[in-house]
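Here is a short briefing on selected helices, contacts and ring pairs. Please look over the sequence and structure before reading on.

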Amino acid sequence: MATAAVLAGLVVAAFEGTVVTTAMPTIVRELGGMSAYAWVFSAFLIASTVAVLVSGKLADALGRLPVFVGGMALFLAGSALCGSATSFGALVVFRVIQGLGAGALQPIAMTISADLYTLEERARIQGLFTGAWGAANILGPIIGGWIVLHMSWRWVFFINVPVGIVSVVLLLASYRDPSRSSPASLRSLRSLLPRAAMQSPAV
C-alpha cells in the first residue's frame with residue numbers, strides 16, 4: 001500500500017509536467033496569453049526545482065510523511081486552482097504552487113521507497129519509479145489530448161485531485177516514519193535558514 005501510494009504521487013507529479021502540453025492551444029484560445037505561453041511550463045519547472053532542493057532537508061527535520069502529505073496538499077491545491085483559473089496570469093501563478101508541491105513529492109517518494117525495501121530490493125523499485133517518468137514523457141501528451149477532446153482542458157488539472165487524495169489515504173494507513181533523534185532533526189532544520197540569519201549582529 002505504501003509503495004502504491006508514493007508511486008501514485010510520483011505519477012501525478014511526473015505527468016503534470018507533460019500532460020499540459022496538448023491542452024495548451026485550447027487554454028490559450030480560451031484564456032488568451034499567447035505572449036506568456038512558455039511561462040506555464042517554466043513556472044512549474046522552476047518551482048519544482050526549488051522545492052526539490054528544500055524538501056530533502058525538511059524531510060530530515062520533520063519526517064518523510066509530513067513533507068509528502070504537505071507537498072501533496074500543495075500540489076492538489078495548485079491543481080484545483082489551475083483548473084479554476086479564469087485568466088492566463090492566474091494560471092501561471094497557480095502553476096508555481098503546483099510546481100512547489102510536485103517538487104516536494106519527487107524526492108520524498110524515492111526516500112520513502114528506500115525506507116520500505118532492503119538494498120537488494122531497491123534497484124527493482126527504483127526501476128519502477130524511473131519507469132513512471134518515462135511513461136509520463138510518452139503518454140502525458142496523449143492523455144492530455146484525450147482529456148481535452150472528450151472533456152475539458154480544466155480536467156487536465158482536476159484529475160489530479162482524486163488520485164492525490166487516494167495516495168495520501170493509502171500512505172497514512174500503511175507507512176510510519178523511521179525514528180529520528182531530536183538533535184539531528186534540529187540541526188537539519190537550522191541548516192535550512194540563511195547563514196546570515198544564524199549569526200548575531202556585530203556589536
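Start with Tyr37, which is partly exposed because its relative accessibility is 25%. The model is a predicted one. The points below are grouped by topic.

**Aromatic pairs**
- The count of aromatic pairs comes to 3.
- One of them joins Tyr37 and Phe41, with 6.0 Å centre to centre and 45° between the planes, a tilted pair.
- Phe41 has a relative accessible area of 18% and is buried, whereas Tyr37 is partly exposed at 25%. The cut-off for buried is under 20%.
- The ring centres of Trp155 and Phe158 are 5.6 Å apart. Their planes stand at 80°, so this pair is edge-to-face.
- Trp155 and Phe158 both belong to helix H7, 3 residues apart, or about one turn of the helix.
- In an α-helix, residues three or four places apart point the same way, because there are 3.6 residues a turn.
- Trp155 is partly exposed at 38% relative accessibility. Phe158 is also partly exposed, at 23%.

**Helices H3 and H4**
- The axes of H3 (residues 39-62) and H4 come within 7 Å. They cross at roughly 135°.
- H3 and H4 are therefore oblique to each other.
- On the H3 side, the contact involves Ser55, Leu58, Ala59, Asp60 and Leu62. These meet Arg64, Pro66 and Val67 in H4.
- By class, this contact of H3 with H4 has 5 nonpolar, 1 polar and 2 charged residues.

**Ser79 in H4**
- Ser79 sits in helix H4, which spans residues 64-84.
- Ser79 counts as buried because its relative accessibility is 0%.
- Leaving out residues up to four places away in sequence, Ser79 touches Gln98, Phe157, Phe158 and Asn160.

**Helix H2**
- H2 covers residues 24-31, and its buried residues are Met24, Thr26, Ile27, Val28 and Leu31.
- The cover over these buried residues includes H3, helix H5 (88-116), helix H6 (119-150) and helix H7 (155-158).
- Gly32 follows H2 and has a positive phi, near 80°.

**Leu172 in H8**
- Leu172 is part of helix H8, residues 160-174.
- With 42% relative accessibility, Leu172 counts as partly exposed.
- Beyond its neighbours within four places in sequence, Leu172 is in contact with Leu65 and Val69.
- Leu172 and Met1 are 171 residues apart along the chain. Their C-alpha atoms are separated by 9.7 Å.

Key: Residues numbered from 1 in each chain as written. Predicted model: local features only at pLDDT ≥ 70, side-chain atom pairs only at ≥ 80, totals over all residues. Heavy atoms only, no water. Helix = DSSP H or I, 4+ residues; strand = E, 2+ residues; numbered from the N terminus. Buried < 20%, exposed > 50% of the residue type's maximum accessible area, 1.4 Å probe, protein only. Contact = heavy atoms within 4.5 Å. Axes fitted to C-alpha atoms, helices over the stretch in contact; angles between N-to-C directions. Parallel < 35°, antiparallel > 145°, perpendicular 65-115°, else oblique. Nonpolar A, V, L, I, M, F, W, Y, C, P; charged D, E, K, R; others polar. Phe/Tyr/Trp six-rings, centres within 6.5 Å; stacked < 30°, edge-to-face > 60°.
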